[in-house]
Amino acid sequence: MIGAISDLHMGSGRACDRFGHEEAPFLEFLDFLEGEYERLVLVGDVYETHHGWRFRGFRAELARCRAVRPRIDARLRGPRYEWIHGNHDEVLAALGVPWRLDVEAAGTRLLFVHGHQFDRVVQRLPVSSQFLSWSGAFLARQGVGAGLTFLDWLDDRMGGLSHDGERCRYQAVALELAAAERADVLVMGHTHLGAGGRRGGRVYVNSGACLFGRFEYAHLDVARSCFEVRRWLGGRRWSALSTTAGDPGTAGG
């Protein structure tokens, strides 16, 4: 089985840091995941490098993010985890972290991407998108936390996010990529909205997010054709947020 988490947005500990976890509980969550899954994938935006004091000072902010939570950082950089980068930690690409991960398990092809590839704002206006994020963080440091919340909301609306899976642009475009790449299952993050869906025999899974104190993850049981987004409740307890069952291999791609 494969587990996947995304969108921790671990920042450098200031007012604009959206991670929202103490180290000990989050390490317990990682203990749980490592005990449940043979393979673990980090689906991007593990770090928040857009919120530094200096606009586009990504590399310096990455160092600060890693220093604030050293035990979590060391665990995630250990041998149990496979990485892809997102748009908020794209600086990792310069360190050899790829933008996609292809996995084959039990005859099923899985493609992991962060999902910013489907975001119209990020793709068309990348520097403007970074500036909006940085501006929201600047406002949060001045005590105007609503500014960052509003800019996040605006980015979602402009990007085509919808809580209705049938209308969500991200799901539609992600499944188009899955078809083009002949993948049976596409796993992404980016939207912070855990969800699942099917189209044309292919499966879409959004792993949700682990920011703001949330413990969400994707459960990918290829052998049983069960793909779920779950919330960890502590110990060995969890609840399902979204379930997509069935054999994705019928896509035939």
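## Arginine 64 and its partners

Arginine 64 is partly exposed, with a relative accessible area of 34%. This value comes from a predicted model. Arginine 64 forms a salt bridge with glutamate 61. Their closest N and O atoms are 2.8 Å apart. Glutamate 61 counts as buried, at 1% relative accessibility.

Why can two such side chains pair? Side chains of opposite charge can do so when their charged atoms come close. Arginine 64 and glutamate 61 both sit in helix H2, three residues apart, so about one helical turn separates them. In an α-helix there are 3.6 residues a turn, so residues three or four places apart point the same way.

## Other salt bridges

How many salt bridges does the structure hold? There are 17. One of them joins aspartate 17 to arginine 69, with the closest N and O atoms 2.9 Å apart. This pair links distant parts of the chain, as the two residues are 52 residues apart. Aspartate 17 lies in the loop between strand S1 (2-5) and helix H1 (23-36). Arginine 69 lies in the loop between helix H2 (58-68) and helix H3 (70-76).

Are aspartate 17 and arginine 69 buried or exposed? Aspartate 17 has a relative accessible area of 17%, so aspartate 17 is buried. Arginine 69 is buried too, with a relative accessible area of 9%.

Glutamate 216 and arginine 214 form another salt bridge. Here the closest N and O atoms are 3.1 Å apart. Glutamate 216 counts as buried, at 4% relative accessibility. Arginine 214 counts as partly exposed, at 25%.

Which residues of S1 are buried? Ile2 and Ala4 are buried on one side, and Gly3 and Ile5 are buried on the other. Both faces of S1 are therefore covered.

S1 pairs with strand S2 (residues 39-43). These two strands run parallel, and four bridges join them. Isoleucine 2 stands opposite arginine 39 in S2. With H1, the two strands make a right-handed β-α-β unit.

S1 also pairs with strand S9 (residues 216-221). This pairing is antiparallel and has three bridges. The bridge partner of glycine 3 in S9 is histidine 219.

## Helix H5

Helix H5 covers residues 126-141, which makes 16 residues. From its first C-alpha to its last, H5 reaches 23 Å. That is close to the 22 Å expected at 1.5 Å a residue.

Several residues of H5 are buried, including Ser129, Gln130, Ser133 and Trp134. Further along H5, the buried residues include Ala137, Ala140 and Arg141. Glycine 143 follows H5. Its phi is positive, near 90°.

## A cavity

Where is empty space left among the atoms? Rolling a probe the size of a water molecule over the atoms shows this. A search of the whole structure finds one cavity of 30 Å³ or more. The volume of the largest cavity is about 40 Å³.

Which residues line the largest cavity? Among them are Gly11, Ser12, Gly13 and Cys16. Glu48 and His51 are also in the lining.

Methods
Residues numbered from 1 in each chain as written. Predicted model: local features only at pLDDT ≥ 70, side-chain atom pairs only at ≥ 80, totals over all residues. Heavy atoms only, no water. Salt bridge = Lys/Arg side-chain N within 4 Å of Asp/Glu carboxyl O. Buried < 20%, exposed > 50% of the residue type's maximum accessible area, 1.4 Å probe, protein only. Pairing = 2+ DSSP bridges. Right-handed = clockwise from strand over helix to strand, strands pointing away. Expected span 1.5 Å × (residues − 1). 1 Å grid on protein atoms, 1.4 Å probe; cavity = no way out; pocket = protein on both sides within 12 Å on 5 of 7 lines; lining within 4 Å. Points joined across faces, edges and corners; volume = space filled by probe spheres on them.
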